[in-house]
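Colleague: Let's go through this model together. I will ask for the grounds behind each label.

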Amino acid sequence: KKITPKKDKYVIASDSAFAPFEFQDSNNQYTGIDVDLLQRAAKMQGFNIEMKFIGFSAAVQAVENNQADAMIAGMTITDERKNSFDFSTPYFQSGIQLAVKKGNDKIKAYKDLKGKKVGVKVGTASADFIVANQEKYGYTVKQFDTADQLYEAVKVGAVDALMDDYPVIGYAIAQGQDLATPIKREDGGTYGFAVKKGQNPELIEMFNEALAEMKRTGEYDKIVGKYIKDGS
Ligand code: GLN
């Protein structure tokens, strides 16, 4: 089914670095699963997009303040976010996990984080989890604006661990980053394409139509498989 766009162009906000969902390739061009899925959806349904890779919490704010029509940023669909956003059909199953520097064998459970520093990215599901469990486990929390800063902090020992979505940690490890994941991931969390609650409903409809079609034809698996090899 083809839906008629209501705007000549839709501004879509995204994260600045969230590989393999959005990241800059060697030519500084943004690429990734989110970018490919949305570009294909736009082509299939015949709407125009302008993507702005401004960072995760900046994207959330841009949609809330009507500076962007929608966002795609590996955004977890949560009940709290449903108060201010409408989401597409879930397009990716995810979850969060703790990561430490490879070779650090002192952290095997959350309780081993007592007195340690844990890093997260501002405004994320991981940040919510880490802040919510701070008293229970007795660590301190450091919040970073970007993934680059967060992963660098673990590398140089400015934090003892980080928490992030496991496909993102898995991709970083596959790319050769010296990280280990000693604790089982926290289940739950699917990603959705999001608009401000009550706004641009046709955009969600167009994305859902295109997503269903891409799943049906196998194009969805092809796009994901381009970036994620056998589950990592
Ligand atoms: N999935 C996480 C969230 O929605 C992180 C998203 C991101 O960092 N781009 O909070």
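Colleague: What makes Lys 101 and Lys 102 contacts of Asp 178?

Modeller: The model is predicted. A contact needs C-beta atoms within 7 Å. Leaving aside neighbours within four places in sequence, Asp 178 is in contact with Lys 101 and Lys 102. Asp 178 sits in the loop between helix 6 (166–174) and strand 12 (179–180).

Colleague: Why is Asp 178 called partly exposed?

Modeller: Buried takes 20 or more other C-beta atoms within 10 Å, exposed takes 12 or fewer, and partly exposed lies in between. Asp 178 has 13, so it is partly exposed.

Colleague: And what separates Asp 178 from Ile 77?

Modeller: Their C-alpha atoms are 30 Å apart, and the two are 101 residues apart along the chain.

Colleague: Why is Asn 28 called exposed?

Modeller: The limit for exposed is 12 or fewer. Asn 28 has 6 C-beta neighbours inside 10 Å, so it counts as exposed. Asn 28 lies in the loop between strand 2 and strand 3 (30–31). Its phi is positive, about 65 degrees, although Asn 28 is not a glycine.

Colleague: What about Asn 66, buried or exposed?

Modeller: Asn 66 has 10 other C-beta atoms within 10 Å, so by the limit of 12 or fewer it is exposed.

Colleague: Which residues of helix 2 are buried, and what do they pack against?

Modeller: In helix 2 (residues 56–64), the buried residues are Phe 56, Ala 58, Ala 59, Val 60, Ala 62 and Val 63. They pack against strand 1 (10–14), strand 5 (70–71), strand 9 (117–121) and strand 14 (194–196).

Colleague: What is the size of the largest nonpolar core, and which residues have the most contacts inside it?

Modeller: The core has 71 residues. Those with the most contacts inside it are Ala 59, Val 63, Ala 70, Met 71, Ala 161 and Leu 162. Helix 7 (residues 201–217) gives the largest share, seven residues.

Colleague: How do you know where this core lies relative to the domains?

Modeller: Domain 1 (10–93 + 189–227) and domain 2 (96–180) both give residues to the core, so it lies between them. The centres of the two domains, taken over C-alpha atoms, are 25 Å apart. In the contact between them, 13 residues of domain 1 meet 13 residues of domain 2. The side of domain 1 that touches domain 2 has six nonpolar, seven polar and no charged residues.

Colleague: Which domains supply the shell around the ligand?

Modeller: Each of domain 1 and domain 2 supplies at least three residues. The shell includes Asp 15, Phe 18 and Phe 56, as well as Lys 121, Thr 124 and Asp 165. By class, the shell holds five nonpolar, three polar and three charged residues.

Key:
Residues numbered from 1 in each chain as written. Predicted model: local features only at pLDDT ≥ 70, side-chain atom pairs only at ≥ 80, totals over all residues. Helix = DSSP H or I, 4+ residues; strand = E, 2+ residues; numbered from the N terminus. Contact = placed C-beta atoms within 7 Å. Domains from an automatic or database assignment. Nonpolar A, V, L, I, M, F, W, Y, C, P; charged D, E, K, R; others polar. Core = buried A, V, L, I, M, F, W, Y, C linked by C-beta atoms within 7 Å. Near = placed C-beta within 6 Å.
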